[in-house]
Amino acid sequence: MYKLLIRPILFWFDPEDVHYFTFSLIRFLNKIPFVSSIIKKIYQVEDASLEKELFGLRFKNPIGLAAGFDKDAKLFNELSNLGFGFIEIGTLTPKAQPGNPKKRLFRLKEDSAIINRMGFNNGGVEDAVKRLKTNKDVLIGGNIGKNKVTPNENAVDDYKICFNALFDYVDYFVVNVSSPNTPNLRALQDKEPLTNLLKELQIENSNHPKKKPILLKIAPDLTNEQLMDIIDIVAETKIDGIIATNTTISRDGLTSESKTEIGGLSGKPLTNRSTEVIRFLAEKSNKAFPIIGVGGIHTVEDALEKLEAGADLIQLYTGFIYEGPKLIKDINKALIKK
């Protein structure tokens with residue numbers, strides 16, 4: 001029903017407007033008595049074989065919602081009803097910021113893709129914390145970044161602020177230095193500044209009675225040499241894992257009219273590259289650390305390929321928008337059968 005009826009209607013309208021409309025609709029439906037129970041019954045798949053223990057956390061299934069969808073932690077409970085094993089909120093910054101000027105979100109329907117140049121639009125970390133305090137049992141990842149106006153030499157301070165504000169309310173952290181939509185942010189992926197940033201966050205981590213897992217989200221546009229640097233950085237800083245990958249600045253093979261728009265590309269065109277990065281990291285590191293695979297998962301086969309390449313968990317975003325919540329259920333059922 002989603003692909004035949006709901007998606008065609010939604011795709012008539014501006015994608016950012018549709019995003020907020022969908023949020024309001026999901027929230028409204030879940031407030032109707034018994035509807036949340038019905039949604040859970042339709043989409044959630046419960047089976048012990050799906051459970052996964054990773055960096056000290058138990059995931060009820062390996063399929064998560066990637067960062068960017070629920071930036072401000074406004075809908076994590078309702079989204080978890082659709083069958084996700086975990087929800088990653090953010091990217092959050094210390095101070096609220098509006099992001100880049102609109103229009104900044106573009107559908108590439110012919111390519112089953114999206115280009116965004118949102119620019120870390122969010123209400124600020126403290127605003128999100130207010131809602132996270134109501135969380136009861138959803139496993140939450142906190143994706144953190146820096147404000148646009150913060151120069152790179154002061155970026156560590158922004159990440160520390162977010163880290164400490166979220167510490168008691170998320171289960172793991174994701175350091176986002178790979179978005180192409182904040183000026184100069186990707187320069188923080190260079191070996192020296194990235195090593196320094198992660199070491200500083202590990203010092204903050206050690207100041208708490210029990211440390212939280214820290215993961216690094218990387219771009220798919222890194223060279224093999226840069227990926228080898230990432231493996232070295234993980235070993236040196238002792239962070240807990242990698243999320244591969246963020247959106248790409250590549251436009252290879254696109255046919256849609258909006259392909260010239262500036263921003264990060266997600267969706268099917270990213271499927272192969274993100275899998276290549278996962279396989280490279282897993283093989284070259286001898287599977288020394290966990291990997292969460294994300295990028296271009298639109299089918300059960302895409303999901304299985306990423307897991308076989310070396311991902312321990314996977315995340316959906318653009319595939320969730322194009323394929324609907326049934327994709328989560330289909331992947332989980334395929335994993336049980338497998």
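This note goes through the overall build of a predicted model and then some of its charged side chains.

1. Overall build. The chain contains 12 helices and 13 strands. Its radius of gyration is 19 Å, close to the 20 Å given by the globule rule for 338 residues, so the chain is as compact as a globular protein of that length. The C-alpha trace spans about 50 × 45 × 40 Å along its principal axes.

2. Of the 338 residues, 59% count as buried. Among contacts with a separation of 6 or more, 72% are between residues 24 or more positions apart. The accessible surface is about 15200 Å², and carbon and sulfur atoms make up 53% of that area.

3. Charges. There are 46 positive and 43 negative side chains. The centres of these two sets lie 5 Å apart. Side chains of opposite charge can pair when their charged atoms come close. The structure holds 18 salt bridges, and some of them are taken up below.

4. A buried charge without a partner. Glu78 belongs to helix α4, residues 76-80. Glu78 is buried but has no salt bridge. Which side chain of opposite charge is nearest to Glu78? That is Arg27, 5.1 Å away. A salt bridge needs the nitrogen and the carboxyl oxygen within 4 Å. Apart from neighbours within four places in sequence, Glu78 is in contact with Ile26, Arg27 and Asn30.

5. A pair in helix α5. Asp127 and Arg131 form a salt bridge, with N and O 2.7 Å apart. Both residues sit in helix α5 (residues 125-132); because they are four residues apart there, about one helical turn separates them. Asp127 is partly exposed, with a relative accessible area of 25%, and Arg131 is partly exposed at 22%.

6. A pair in helix α9. Arg273 makes a salt bridge with Glu276, and their closest N and O atoms are 3.2 Å apart. The two residues are three apart in helix α9 (residues 271-284), about one turn of the helix. Arg273 is partly exposed, with a relative accessible area of 25%; Glu276 is also partly exposed, with 43%.

7. Lys338 forms a salt bridge with Glu308, the closest N and O atoms being 3.8 Å apart. This pair links distant parts of the chain, 30 residues apart: Lys338 lies in the segment after α12 (326-337), and Glu308 in helix α10 (residues 300-309). Both Lys338 and Glu308 are exposed.

Terms used. Residues numbered from 1 in each chain as written. Predicted model: local features only at pLDDT ≥ 70, side-chain atom pairs only at ≥ 80, totals over all residues. Heavy atoms only, no water. Rg over C-alpha atoms; globule rule 2.2 N^0.38 Å. Buried < 20%, exposed > 50% of the residue type's maximum accessible area, 1.4 Å probe, protein only. Contact = heavy atoms within 4.5 Å. Areas by Shrake-Rupley, 256 points an atom, 1.4 Å probe, with all protein chains shown as cover. Lys, Arg positive; Asp, Glu negative; His and termini not counted. Charge placed at Lys NZ, Arg CZ, Asp CG, Glu CD.
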